[in-house]
Amino acid sequence: MGVTGPTGPVMDRDEVDRALARLGAEHEAIETSLLALQDHAGRRLLEGAELTGVTKERWTSTEASITLLWAYFDAYTDTLRTARDVRARRRWSSREDLAELTELLRGASVTVAGGATATAHVPAITGTGRLSEQFTLAELVERMNELYASSLDMVVAADAVWSALPARIDLLAAELQRTRRLAHSVGVRPGEHPAGDDLERITRTLTKLREQVISDPLAYWLPAQGSSAPGGGRPDTATYDREARALEDVRREIDAVLTVRQDAETRLVKLRDLLSRADRTLAEARSARGEVLAKIAASEVPAVSGPPTALQEQLATAAEYRRHAQWHRLSPLLESLEQRAEDELLRARESLTAVTAPLAVRAELRGRLDAYKAKVARHGLAEDPLLIERYDAARRMLWSAPCDLRVAEQAVLRYQQAVAELLGQRVPRQGEPADRRGEA
């Protein structure tokens, strides 16, 4: 039309109709969003909850923002209705009508009472406490979008935490109660077993966690980094996850105690057998030591320790634990006893080997002497006087008691050397390994 006003060129009839259609669609979308926010389950829960901490602070602000949103929407609705009424006055709007419509649709034609913004605690909007504020429709929509996004973000975050954590905590608490009953049945109690103390601590932590999640859900919300979408983020489950892992550890320990209850008698029988074998081996070592001392001269024979009385006492204690169903005490004791019993049997065997070593050396010398005698006979030298003399000397030493092993070994070596010289073979030296001495 070419006419201009405070808001710029006056809109023509087609521009007005297009603007009204766009604003009508925008009004419908805003109304739908506000009603959805009003009916959101999270908002209803927030309204009825006894909130604390950061959630209480943010909900106070969000409630005010929602109130302000409706005030803005009502003002937006009134202005849009007025514009529609002006447009409906006549089919072909006059120049004055178009100027008025241009002012309504593009100018700062929306008035919002200052009391509404002041009640909403929105400093950026309230300005300096004026009685009312003026907005264009575009400015008002922008403000509503900002308030709606922040309000929805808070509501969605609280609802997400409430939807995720309390139910999971309740399930874990139910599992905790089952584990407590099972623990009690095997004697795992607070003050008597570490797992019992862990169950008490987990119980206290879960109880406190649930109370905090219900009253202050936003304290357990992790916003997504760099996300501007309402509700962007996830519930903070770190405390819950830690306690779930701790409960699983306790459950495994109790399962181990249950296994002890099932296998206790078998394990005790095996332990008695191990210690009995260790006793018999030590007894054999003590007997062998007396034989060695009587038959072998000039030889250091290690002492043999007595039976493992401490292990026998602990085995008796383990049997008492089983008899009185003290499985939580029996479990660690059995594990310790099993390892120590194996070690004791190994020690007894090593002691027997060390004690009988001189007898083994004598047996090896006797075998070597007889092997060389057989070799001499095969070569027709059995009647050689030197060989007979040296054989008899070595034999007397090896079959006498006590036997001096060092002297006997030298006698056997002299016999070997005589045989080698007669057969034209390399003469063995004292201390040479047996596989290089030329035995038959």
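Q: What is pLDDT, and what is its mean for the protein?
A: pLDDT is the predictor's confidence in each residue, from 0 to 100. The model here is predicted. Of its residues, 89% reach 70 or more. The mean pLDDT of the protein is 84.

Q: In which helix is confidence lowest, and in which is it highest?
A: Helix α6 covers residues 123–126 and has a mean of 44, the lowest. Over residues 123–128, pLDDT stays under 50. The highest confidence, at 94, belongs to residues 194–215.

Q: How many contacts beyond four places in sequence does the model have for residues 433–440?
A: pLDDT stays under 50 over this stretch. Contact here means heavy atoms within 4.5 Å. For residues 433–440, the number beyond four places in sequence is 17.

Q: How many helices and how many strands are there in the protein?
A: The protein has 440 residues, and 38% of them are buried. Its elements are 13 helices and eight strands.

Q: Is Threonine 55 buried or exposed?
A: Threonine 55 lies in helix α3, residues 53–87. Beyond four places in sequence, Threonine 55 touches Leu46, Met154, Ser215, Asp216, Pro217, Leu218 and Ala219. Its relative accessible area is 0%. The cut-off for buried is under 20%, so Threonine 55 is buried.

Q: Are α3 and α7 roughly parallel or antiparallel to each other?
A: The axes of α3 and α7 (residues 137–185) lie 9 Å apart, and the packing angle is about 150°. Angles over 145 degrees count as roughly antiparallel. Therefore α3 and α7 are roughly antiparallel.

Q: How many nonpolar, polar and charged residues does the contact of α3 with α7 have?
A: Residues of α3 in this contact include Thr55, Trp59 and Phe73. Among those they meet in α7 are Leu140, Met144 and Met154. By class, the contact has 15 nonpolar, six polar and three charged residues.

Q: How is α11 oriented to α12, roughly parallel or antiparallel?
A: Helix α11 (residues 327–378) packs against helix α12 (residues 385–398) at about 160°, with axes 11 Å apart. The cut-off is over 145 degrees, so α11 is roughly antiparallel to α12.

Q: Is the crossing of α11 and α12 left-handed or right-handed?
A: Arg362, Leu365 and Leu369 are among the α11 residues in this contact, and Leu387, Tyr391 and Leu398 are among those of α12. The contact divides into seven nonpolar, no polar and five charged residues. The crossing of α11 and α12 is left-handed.

Conventions:
Residues are numbered from 1 along each chain as its sequence is written. This is a predicted model: local features need pLDDT of at least 70, side-chain atom pairs count only at pLDDT 80 or more; totals for chains, interfaces and linings use all residues. Side-chain values use heavy atoms; hydrogens and water are left out. Helices (H or I, at least four residues) and strands (E, at least two) are DSSP runs, numbered from the N terminus. Axes are lines fitted to C-alpha atoms, for helices over the stretch in contact, and angles run from 0 to 180 degrees between N-to-C directions. Angles under 35 degrees count as roughly parallel, over 145 as roughly antiparallel, 65 to 115 as roughly perpendicular and the rest as oblique. A crossing is left-handed if the near helix is turned anticlockwise from the far one by less than a right angle, and right-handed if clockwise. Ala, Val, Leu, Ile, Met, Phe, Trp, Tyr, Cys and Pro count as nonpolar, Asp, Glu, Lys and Arg as charged, and the others, Gly among them, as polar. Buried means under 20% relative accessible area, exposed over 50%, partly exposed in between (1.4 Å probe, protein chains only).
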